[in-house]
Amino acid sequence: MGGVVFSSPHSGSYYPPEFVRSSRLDPLTLCASEDAYVDRLFAAAPDFGAPLLFAVYPRAWLDLNRGPGEMDPALIDGAVTAGINQRIAAGLGVVPRVVSEGRAIYARKIGLEEAEARVRDVHRPYHRKLDELMIGARDRHGLAVLFDCHSMPSEALRAAPRVRGQVPNVVLGDRFGAAAARHIIAETQEAFEEQGFSVVRNAPFAGGYITQRYGRPARGLHAVQIEIDRGLYLDQRKVCPGREFDRVHDRLRQVIARLSKITPDLSAVAAE
């Protein structure tokens with residue numbers, strides 16, 4: 001087996017009661033940014049010797065795919081940030097201000113102490129564990145490959161390149177080659193295509209904070225972000241498994257089986 005690790009940072013579904021009470025949104029709308037059931041789609045990873053790390057708290061409460069310092073002054077009273085990047089400006093900092101379609105989560109600002117507590121108690125432990133898994137995998141196998149697993153609303157694929165005239169249903173992101181060796185992204189694409197998925201790379205999603213942080217090919221650390229069309233497996237209106245959930249789950253099991261066998265291609269790495 002190769003040194004493969006899976007993560008699902010946006011599939012958390014425990015909504016603290018005080019959070020739900022403080023939100024101006026109803027519980028179903030709060031779920032709009034959640035990668036619902038992605039942890040279940042990739043639950044077979046440990047069967048093939050690859051650990052799966054997944055979130056408990058939802059993305060609307062804390063975004064594990066953002067840097068710990070990406071605090072939004074428009075939401076967090078007293079927040080100081082080094083710069084307002086595009087994500088923060090859109091309300092999608094480490095403590096999000098909005099869910100999808102720009103719908104505001106809170107009726108008022110929250111305190112800096114509360115925001116920092118979420119980062120301290122959840123964000124840092126998650127990334128400490130992910131660091132441990134990646135370094136351990138590299139030390140045992142000669143390289144570590146992180147597959148960061150997500151889902152995307154079907155409408156997000158309007159901006160995606162077409163594949164043989166069709167809208168793709170999987171987007172792989174390696175930050176345009178910066179986060180993973182060429183043979184790894186190529187083998188990842190082949191694994192999905194063998195199971196009938198239609199795949200594009202880096203458009204419209206090239207990878208977020210996790211892909212950027214953990215993708216260090218020169219250090220033997222590689223990261224690929226996987227985005228799956230929610231329309232394949234989810235009733236997107238009710239946010240519950242759709243009619244094809246079991247079939248997609250079974251196809252992904254075969255993808256996971258192949259990805260878990262990725263091994264170092266030392267000649268390819270040397271050429272890069």
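Me: Where does arginine 230 lie?
Reply: Arginine 230 is in the loop between strand S10 (221-229) and strand S11 (234-235). Helices (H or I, at least four residues) and strands (E, at least two) are DSSP runs, numbered from the N terminus.

Me: What should I know about the model and numbering?
Reply: This is a predicted model, where local features need pLDDT of at least 70 and side-chain atom pairs count only at pLDDT 80 or more, while totals for chains, interfaces and linings use all residues. Residues are numbered from 1 along each chain as its sequence is written, and side-chain values use heavy atoms, with hydrogens and water left out.

Me: Back to arginine 230, buried or exposed?
Reply: Arginine 230 is buried, at a relative accessible area of 7%. Buried means under 20% relative accessible area, exposed over 50%, partly exposed in between (1.4 Å probe, protein chains only).

Me: Which residues does arginine 230 touch?
Reply: Leaving out residues up to four places away in sequence, arginine 230 touches Ala32, Ser33, Glu34, Asp35, Ser151, Met152, Pro153 and Gln236; contact means heavy atoms within 4.5 Å. The arginine 230 side chain also reaches the backbone oxygen of glutamate 34 at 3.3 Å.

Me: Switching to salt bridges. How many does the structure hold?
Reply: The structure holds 15, a salt bridge being a side-chain nitrogen of Lys or Arg within 4 Å of a carboxyl oxygen of Asp or Glu.

Me: Which side chain meets glutamate 114 in a salt bridge?
Reply: That of arginine 118, at 2.5 Å, N to O. Both residues lie in helix H5, four residues apart, about one turn of the helix. Arginine 118 counts as buried at 4% relative accessibility, whereas glutamate 114 is partly exposed at 38%.

Me: And what does aspartate 131 pair with?
Reply: Aspartate 131 and arginine 213 meet in a salt bridge through their side chains (2.5 Å, N to O). Arginine 213 is in helix H7 (residues 209-214) and aspartate 131 in helix H5, so the pair ties together parts 82 residues apart in sequence.

Me: Which residues form a network of salt bridges?
Reply: Glu187, Glu190, Glu194 and Arg258 are linked that way.

Me: Now the largest nonpolar core. Which members touch the most others?
Reply: Phe6, Phe42 and Phe192 do, out of 77 residues. Helix H5 (residues 112-141) gives the most to this core, eight residues. A nonpolar core is a set of buried Ala, Val, Leu, Ile, Met, Phe, Trp, Tyr and Cys residues joined through side-chain atoms within 4.5 Å.

Conventions. A polar contact is a pair of N or O atoms within 3.5 Å; within protein, one must be able to donate a hydrogen and the other to accept it, and residues adjacent in sequence count only if both atoms are side-chain atoms.
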